[in-house]
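Thanks for coming, everyone. Let me put the structure up and walk you through a few places in it.

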Amino acid sequence: MYYYIRTFGCQMNQHDSQFAAALLEKSGYEPTANLDEADIVLVNTCSVRESAEKKIFGFIDSLILRKRIKPSLRVVIIGCMVSAEEAVDNLLKKRKHIDIVLGTRSIHRLPHYLELLESESGPFVEIDLDHEVVEGRIHKREDFYRAFLTIMYGCDNFCSYCIVPYVRGRETSRSMNDILAEARSLVADGVKEITLLGQNVNSYGKGLSEEENFANLLLAMEKIDGLERIRYMTSHPKDFSEEIIDAIASSSKICRHFHLPFQAGSDRILKAMNRHYNREKYRDLILNIKNHFPDAVLTTDIIVGFPGESEEDFCETLSLLKELEFDLAYTFLYSPRRGTPAAESDSQVPQSVKKERLLRLMDVQNGISLKKNKAMVGKTYMLLGEGPSRTDPKVQSGRTDGNKLVHFEAKEDYTGKLVPVTVTSANTWSMRGQLLK
């Protein structure tokens, strides 16, 4: 019996798919990359952007014919897109081939419903966002040397454009003891790099003891023998405290990569977005980080064309981008999400205007990214090897502490190993380097 998983969305979704894979394998299923031989097809959905939803519906609908050919095929839908009753009703209305639908906090119930399908017909639906945190989760990792580790679930920020609080529930933190126990177990299994996951990791600890906050968690992770690198995502600027900066400054393992979405450079738009900070506060935070960590790698997210965004508002975003000079910016056209306040606005920006602004923004950022990467030429960095290239086995790849990708030639396989490489050339997205003996 084989299972096939298709994942859409962010790292949280990837981690949820790893959990589902481990549950399926514990139930006796084996993975397959061949959709034709699958006995279970599990689709992990994302509802953050409209473009993702269209792809998801297209893939789910393509399974109708497969189920007709193979009636025993089980179709399972999980993730953000099915964490609201209205969304589930719309999904199931014309799609009778779906057997199980599970919300983001009900994935642990997958084996139970698969067993029910042996004697009863579906669809079975469970989308309860009030489930308590389930400890003792098992995950099937894609890499032996790095792993995700969820420290909290949900989000309390309610940015006016974002659907996440409605599909992943309110913030719930795991206990620090449970997190550290899982981290030690991962390291004992060969993991060198752990990425701490949460919709807003900086607010970790709400509802727990005073000692259980994100800064203290980072300091506790630092003490784990055998762990080489600590990463985390995602951070909200309003909660990135001086205490967190001090914890990172005192660490030899926490990566100097700071991903802090500013989304817009206009105070008027930031207020409409319900971001709880203004341009000046964000600017001061970034300058403070640069002061503490001169070689830090800074990345951000930006939304172009938020409802009501004028040319003046956009130019303020552009000017902040130029001033702060991020190594990389993930830029997005605003996409209305039904159920969010911004989607109800009467001041939607025309698609043509959004696209034109996005191109201008990307042009500026690409120039900055190239400049930042070229400044690394001639310097030596410790890379965590990611393995040989698929197209050229002589070339391997690795990432710096700042998450920059560097390609280098080597005869030995350095996957999962820390290796010194001197950068010899750079382009906008990656670099070439020479391995030091």
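Start with T300, which lies in strand β13. Strands here are DSSP runs of E, at least two residues long, and helices are runs of H or I, at least four residues long, all numbered from the N terminus. Keep in mind that this is a predicted model: local features need pLDDT of at least 70, side-chain atom pairs count only at pLDDT 80 or more, and totals for chains, interfaces and linings use all residues. Residues are numbered from 1 along each chain as its sequence is written, and side-chain values use heavy atoms, with hydrogens and water left out.

Is T300 buried or exposed? Buried, because its relative accessible area is 0%. Buried means under 20% relative accessible area, exposed means over 50%, and partly exposed is in between, with a 1.4 Å probe and protein chains only. Which residues does T300 contact, leaving aside neighbours within four places in sequence? They are H259, L260, P261, F262, Y282, F326, L328, A329 and Y330. Contact means heavy atoms within 4.5 Å. For distance, take T7: T300 and T7 are 293 residues apart in sequence and 24 Å apart in space, C-alpha to C-alpha.

Next, T317. This one sits in helix α11, residues 311–324. T317 has a relative accessible area of 2%, so it is buried. Beyond four places in sequence, T317 contacts F262, A264, G265, S266, I302 and L361. F262 is also on the list for T300. From T317 to L370 is 53 residues along the chain, and their C-alpha atoms are separated by 20 Å.

Now two loop residues. H97 lies between α3 (85–93) and β5 (100–102). H97 counts as buried because its relative accessibility is 6%. Its contacts, not counting residues up to four places away, are I60, L63, I64, K67 and V75.

T400 is in the loop between β16 (395–399) and β17 (405–409). At 3% relative accessibility, T400 is buried too. T400 touches R229, R231, M376, Y381, M382, L383 and V406, again setting aside residues up to four places away in sequence.

How much space lies in the second largest pocket? About 660 Å³. Of its 26 lining residues, the closest to the centre are D295, A296, V297, M376 and Y381. The elements giving two or more residues to that lining are β13 (297–304), α12 (351–374) and β15 (380–388). The lining divides into 10 nonpolar, three polar and 13 charged residues.

A quick word on terms. A pocket is an open set of points on a 1 Å grid over the protein atoms alone, where a 1.4 Å probe fits, with protein on both sides within 12 Å along at least five of seven lines; lining residues have an atom within 4 Å of a point.

Finally, the whole chain. It has 12 helices and 19 strands. Buried residues make up 52% of the 437. The C-alpha atoms fill a box of roughly 65 × 60 × 50 Å along the principal axes.

Notes: Grid points are joined across faces, edges and corners, and a volume is the space filled by probe spheres set on the points. Ala, Val, Leu, Ile, Met, Phe, Trp, Tyr, Cys and Pro count as nonpolar, Asp, Glu, Lys and Arg as charged, and the others, Gly among them, as polar.
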